[in-house]
There are 2 protein chains.
Amino acid sequence: MTDLPTTELFGLDNLPYGVATKACHAPHVVARLGDHAVDLAGLATDADGAAWIDAWSQPNLNAFVAQGPSSWAAARTWLQETLHDQSRRDAVLARLHPLDDLTMQLPIAVADYVDFYASENHATNVGRIFRPDGDALTPNWKHLPIGYHGRSGTVVVSGTDIVRPCGQRKAPTDTEPTFGPSIRLDIEAELGFVVGGDTAVGSPVSIDEASDHLFGVGLFNDWSARDIQAWEYVPLGPFLGKSFASSLAAWITPMAALRAAKTALPKQDPQPLPYLQGDDLFGLDIAIEVEINGQVVSRPPYSTMYWSPTQMLAHMTVNGAGLRTGDLFASGTVSGDEKDERGSFLELSWSGKEPFALADGSTRSFLEDGDIVTLRATAPGTDGARIGLGEVTGRILPART
Amino acid sequence: MTDLPTTELFGLDNLPYGVATKACHAPHVVARLGDHAVDLAGLATDADGAAWIDAWSQPNLNAFVAQGPSSWAAARTWLQETLHDQSRRDAVLARLHPLDDLTMQLPIAVADYVDFYASENHATNVGRIFRPDGDALTPNWKHLPIGYHGRSGTVVVSGTDIVRPCGQRKAPTDTEPTFGPSIRLDIEAELGFVVGGDTAVGSPVSIDEASDHLFGVGLFNDWSARDIQAWEYVPLGPFLGKSFASSLAAWITPMAALRAAKTALPKQDPQPLPYLQGDDLFGLDIAIEVEINGQVVSRPPYSTMYWSPTQMLAHMTVNGAGLRTGDLFASGTVSGDEKDERGSFLELSWSGKEPFALADGSTRSFLEDGDIVTLRATAPGTDGARIGLGEVTGRILPART
């Protein structure tokens, strides 16, 4: 009897979903087991998972995500039973591929992408850096989860190289704006939440309905050109400073795998308005690592986030905005209380005033060409073990000028 | 010989494209002739327009728009020749439907939606209203076309009812935010530009390449809840104040029909950076009418817009952001120099300080339930005649509370 190639972080209680191609084959939905992936479309053909065969044969997760929470739960149960079932072991092994043989695809076709700003530490740090003479938090910050729409078409899968963007910038000391490659290129360590289930325009989703639309999470790096952003963002918000690329992990961890990671939110004071109250409010005890060129430089704890994912989703729809399967909302930069828990270089280097040292003797305020940034994360699983989230990584290529 | 049912505004030099369903039939691409539409999928089957049959049998214009400028030009030539050809008249008449028999669909599947802010008058008016003690225009305004991403999934077709959104607002005089139906619901009279042709992430589109990606324009009403917007928009821009609904005309006028409408831009001073310079800069001499409950209250002239559509597109991609067919960018509110040329109620009523009178004896500062707002427009066509743009209309329904 051959064992399955599970690892502690990617065992049978985790099973994140992705989409992979192998050689010239069409993309299929796969689930991760250790450093392998099992082809779910192929596996379901042989078993009693027929309800998902069509969905798992698609080039993204959307058709599966559209099936809704009862299908997600049944599919997970079927998959866990199938993987535990000794009599089906040969069928599983026949559809198991080393990750090295696969090319991972963007797991979802992104409908609308929204980025929130839900870390009090991050918002406070940014406020102190940009508005040193004013209140760190804007007056609305504790009343609503601030967010804005980003560019769906430039969400890319982990591993995609990031070309340094060009654009306009004007430092306060400059008399005129100039054009060129960004000189303050940054990361933002975030979680992205994948939404399933269309809703009608005009029909808000309440806090207590929100979890029915939360399929899963993936690590997310909202690359940010701070110099471009600083010059453009008043009064209508970030645009080109963000829209060149945002990287999503290849693996979407289902919310069902994160049950043990659910934790209480920090106290919300003042109490938010009733539409942001409900029974289903939670934080997530997900420990993130920010790694540059192989060296961990920060460990942002998602558990410090102020707003619940369900509050973000309820807020996003309270005006009647409809949801579409494939909508993606990100948490905003995760920054903890401590200096080495900050989720952006802007904060880690305090806007360049305090460059930080790397093991190779160099220092960083912002990203240099060739830098590779990888976000990793783990969360409590069952029985005291931990589960892993799929990494999101990207390398900075020089600007094309 | 039966004449075609053309009108002056919708004749053979206009021919906007839309998507329509009739009774239980699948949606088809159609072109407008007066108050009729000709089913292009059906017509092309009979003639030598076979290159477009598949595209015109789709439920939106995207497949056709994806074919690019040489196909757009050839299709338009073929269609004009076919409509002029007496020997094909019976085939045309057999595929002609009164608009009253058709249900118009959202003409494009919207990929990313960006809203610009390209009217100097509008930006100045808004600046004076919101920042009476500061400069009306932000320092960046004349250096770049300011824009932001909006919600693609809530772009709706003309004729869709608009449910008054609920949300948080806090007037400067309030001590706490409150929740409820928007009490400052507004319009924004804009043009929307439909983009065709995917580009790779990392490959900016220059000014001189931009027109190859501009398929056509449709009137656009960017409904805006000013009270929600005012409370939420600092620091990351408009979100729920806009995302409940944005209405696009059912008819997309091809850029080829607007050749006679091209006009010089207002002088741009200071000269923008080189990436915003080029030979293909133009304004559009499109005369818009804002009508509420049948009464025209404003006539915004698009010719006053500061930035060229090609500058907006070049700016949007200069950081390497890729384009996707179905991307939609709107101009921002069109406001002329005169009071009765303003494109929003915010400006027409000067933020409610100067309510304007309607013929029924009522006054308006912002929209009331039951109000119907329609934007119409005409532009110079060939031989001194004018062509029409398809209207965009919507009625306000009470909030669902």
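Analyst: Let's begin inside one chain. Between domain 1 of chain A and domain 2 of chain A there are zero salt bridges, a salt bridge being a side-chain nitrogen of Lys or Arg within 4 Å of a carboxyl oxygen of Asp or Glu. One residue pair is in polar contact there, with both residues at pLDDT 80 or more. A polar contact is a pair of N or O atoms within 3.5 Å; within protein, one must be able to donate a hydrogen and the other to accept it, and residues adjacent in sequence count only if both atoms are side-chain atoms.

Which elements of domain 1 of chain A each supply at least two residues to the side that touches domain 2 of chain A? They are strand E1 (17-21), strand E2 (28-33), helix H3 (62-65) and helix H4 (69-84) of chain A. Helices (H or I, at least four residues) and strands (E, at least two) are DSSP runs, numbered from the N terminus. By class, this side of domain 1 of chain A has 13 nonpolar, two polar and two charged residues. Here Ala, Val, Leu, Ile, Met, Phe, Trp, Tyr, Cys and Pro count as nonpolar, Asp, Glu, Lys and Arg as charged, and the others, Gly among them, as polar.

A word on the model itself: it is predicted, so local features need pLDDT of at least 70 and side-chain atom pairs count only at pLDDT 80 or more, while totals for chains, interfaces and linings use all residues. Residues are numbered from 1 along each chain as its sequence is written, chains are lettered from A and ligands numbered from 1 in the order in which they are written, and side-chain values use heavy atoms, with hydrogens and water left out.

Now for the two chains. The area buried between chain A and chain B is about 5,100 Å², and carbon and sulfur atoms give 62% of that; buried area is the accessible area (1.4 Å probe) that two parts lose on being put together, summed over both. Two salt bridges link chain A and chain B. B:Asp327 forms a salt bridge with A:Arg151, with the closest N and O atoms 3.0 Å apart. Elements giving two or more residues to chain A's side include strand E7 (147-150) and helix H9 (309-317) of chain A. E7(A) gives the most, with four residues. That side of chain A has 28 nonpolar, 18 polar and eight charged residues.
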